[in-house]
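The entries follow in the order in which I checked them.

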Amino acid sequence: ANVEEEFDETPQEKKLRLAKLYLDQLRDEGKGVTLLLPPDASEICLLRGHKLPVTCLVISPDDKHIFSAAKDCSIIKWDVENGKRLHTIAGGRKGTEDRHVGHTAHVLCISISSDGKYLATGDMNKLIMIWEAATCKHLYKFTGHRGPVSGLSFRRGTHDLYSASHDRSIKVWNVDENAYVETLFGHQDVITGLDSGSRERCVTAGGRDRTVRVWKISEESQLVFHGHEGSIDCIQLINEEHMITGADDGSVSLWSVNKKKPLSTVKAAHGRHGDSGLEQPYWVAAVAALQNSDTVASGSHNSKVQLWKCGQGFRHLEPLFSIPVTGFVNSLKFSSSGKFLVAGVGQEHRLGRWWRLKEAKNGLYIIPLKRQQPEQEEVQNGEENGV
């Protein structure tokens, strides 16, 4: 049923899209240009509690809590303000699936509904668990995927949940009804990541099939995008029209949902390592975007989280600054307010044990983001507006 669709826009749709872009630009100009400043090392806070590498994390919509999960199969709820552990859903031993409430395999992905009500987690054991975020009480278990669950995202403003798996399929669930809705096919390799916004659609990265796909659920169609030379391992929407991806060829790409190829790509975004002549780019393991802004971030295992500014029309990526973080940056998320960035870090990559960085700590780094407001300009604008 999934028809590959051509990129046809009605004149009306195009008009609407351009009008929206114009309004967004006006709104951004009105804000005055804010400059992001790198934090001092002393301001970065490390939260320790997971015994094994952190694989994924999500920040509650009100920015008060972080939920993280790890290779130790546990889920921890943290208080952002004081860094304390509020709740731990312990992992269970392999073979205790029938009686243990929680995961008994590595947790790979996590998502929270935009009203903060439901938390969803997915694991290597093909399972999706639904929790009440406020109490961490277990609600439901969704079965049906035939491989590790690698991506989860609630559609904004709803309790519809999208899931992606190494079984190459995407599934749609209705959490309110504890119900399975449908399955979508199209990727030719394991799906490595998934994201969604407020539209009835989701975006996915297809690993070694080297495609990014936009799934239009109600139209039962998909858009296929090609880029990167290696496995596309992570994806995030920046806004409803643009997304960022990272790959194990070391590149970071920006995309528009209206163009089949990336708008821009930075190769070896985190540098290279290895003996002279045999250098390999550092894999990009995580990307994040501050929603509806031009600020994005990427993580690898080169001891740095890199912040980028998307140039005009998302046609290029300019490095802003990097933040020292030792270990594999397996997950990155900006808070809704943009006041901080959280990195989920481990001694190993979230998907395997190819390397181990003994000097790294398994934990979460809360990185404050400071902004410099150009004050004089604002006064002048005020005077002009007063005329």
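Where is the place of His228? I found His228 in the loop between strand E19 (221–226) and strand E20 (232–237), where helices (H or I, at least four residues) and strands (E, at least two) are DSSP runs numbered from the N terminus.

Before going further I noted that this is a predicted model, in which local features need pLDDT of at least 70 and side-chain atom pairs count only at pLDDT 80 or more, while totals for chains, interfaces and linings use all residues. Residues are numbered from 1 along each chain as its sequence is written, and side-chain values use heavy atoms, with hydrogens and water left out.

**Positive phi in loops**

Most residues other than glycine have a negative phi. I therefore looked up His228, which is not a glycine and yet has a positive phi of about 60°; His228 is buried, with a relative accessible area of 11% (buried means under 20% relative accessible area, exposed over 50%, partly exposed in between, with a 1.4 Å probe and protein chains only). Arg168, also not a glycine, has a positive phi of about 75°, and I located Arg168 in the loop between strand E13 (160–165) and strand E14 (169–174). Arg168 is partly exposed, with a relative accessible area of 39%.

I then turned to E27 (residues 295–299), where five of five residues are buried. In a regular strand the side chains alternate between the two faces of the sheet. On one side of E27 I read Thr295, Ala297 and Gly299, and on the other Val296 and Ser298, all of them buried.

Which strands pair with E27, given that pairing requires at least two DSSP bridges between two strands? Strand E26 (residues 286–289) runs antiparallel to E27 and is joined to it by four bridges, and strand E28 (residues 304–310), also antiparallel, is joined to E27 by five. Val296 is the bridge partner of Ala289 and stands opposite Trp308 in E28.

Both connections are hairpins: five residues lie between E26 and E27, with Asn292 in the turn at a positive phi of about 55°, and four residues lie between E27 and E28, where Ser303 takes a positive phi near 70°.

Over residues 100–141 I noted 0% helix and 52% strand, with the end C-alpha atoms 12 Å apart. Over residues 142–183 the chain is 0% helix and 57% strand, and the end C-alpha atoms are 13 Å apart.

Note on methods: Two strands pair if DSSP finds at least two bridges between them.
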